[in-house]
Amino acid sequence: MAAAAGIGVASLGAFEMAGPGLGTVLAAPAAAAAAPAAAPAVGQGTNIDELVVGLTVVKSLPKVPGYERDCTKGKACVYGPAWTDDYTGPSSHDGCDTRNNVLGTQLVNVRFKPGTRDCKVIGGTLHDPYTGKTIEFDPKKSSAIQIDHVFPLSRSWSAGASKWTLAQRTSFANDTALNLLASDGPANQAKSDKGLDKWMPANAGYRCEYAIKYLTVAKTYQLAVTTSEVDVARTACSNR
């Protein structure tokens, strides 16, 4: 995956080690970075045990200073401008911002503003995976449907992304193929920057798929996850 190229285990700082049997566990940075393997296809036979192999599993994530999403003047803007089209990855440099790219592909019965080359979404329906609700998109009430980072940006900062380049973080923040989901606004706000052990979708039928997506992002980008997150994922998929 282009967005993850060059992001390897060398990106990770020191973590408190987890116990054996949970996957790859790092106590300190490795000597050299390695390109991650291709992401497994979610929903096509992927299971938690397969995903855990090769993951960096730790007892807890460190508190890494420096995260600042704000891109106004004088701010760090550590993941690049929100919803920029200038990144490496799916849908990049197509003349359309990432938010509209996601809305245009994840809503149904989509209507675009004329003259925008099927970019600016002005209508459509979301079958929200987090709540099970059906939500109509209204550009005057755009906060009702928000774009969620499955693996939250601020959490990724502490899980290894603080060591990436700005370009790599910008691509991660705009990864339409793997890490972005159109979702119910209040559900997205309730999730905030929580990991699997602190937040799961209200829609019980989606919890296993959500856990797999979350761990798939972590594995593709070689981000650390905690033992409690793995436990929650296994419970969510116990009847899979």
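This report describes the disulfides of a predicted model.

## Overall pairing

The predicted structure contains three disulfides. When the bonded cysteines of the protein are numbered in sequence order, they pair as 1-2, 3-4, 5-6.

## Cysteine 71 and cysteine 77

Cysteine 71 is bonded to cysteine 77, with an S to S distance of 1.9 Å. The link of cysteine 71 and cysteine 77 is right-handed, with 75° about the S-S bond.

Cysteine 77 counts as buried because its relative accessibility is 15%, the limit for burial being under 20%.

## Cysteine 96 and cysteine 119

In the disulfide of cysteine 96 and cysteine 119, the sulfur atoms lie 2.1 Å apart. The torsion about this S-S bond is about 90°, so the disulfide is right-handed. The pair links distant parts of the chain, 23 residues apart. Cysteine 96 lies in the loop between strand S2 (57-60) and helix H2 (98-106), whereas cysteine 119 lies in the loop between strand S3 (108-112) and strand S4 (121-127). Both cysteine 96 and cysteine 119 are buried.

## Cysteine 208 and cysteine 237

A disulfide also joins cysteine 208 and cysteine 237, with 2.0 Å between their sulfur atoms. This disulfide is right-handed, because the torsion about its S-S bond is about 110°. Distant parts of the chain are again linked: cysteine 208 belongs to helix H6 (residues 207-221), and cysteine 237, 29 residues apart from it, to the segment after helix H7 (227-236).

Cysteine 208 counts as buried at 10% relative accessibility. Cysteine 237 is likewise buried, with a relative accessible area of 11%.

Definitions and conventions: Residues numbered from 1 in each chain as written. Predicted model: local features only at pLDDT ≥ 70, side-chain atom pairs only at ≥ 80, totals over all residues. Heavy atoms only, no water. Disulfide = S-S within 2.5 Å. Buried < 20%, exposed > 50% of the residue type's maximum accessible area, 1.4 Å probe, protein only. Helix = DSSP H or I, 4+ residues; strand = E, 2+ residues; numbered from the N terminus.
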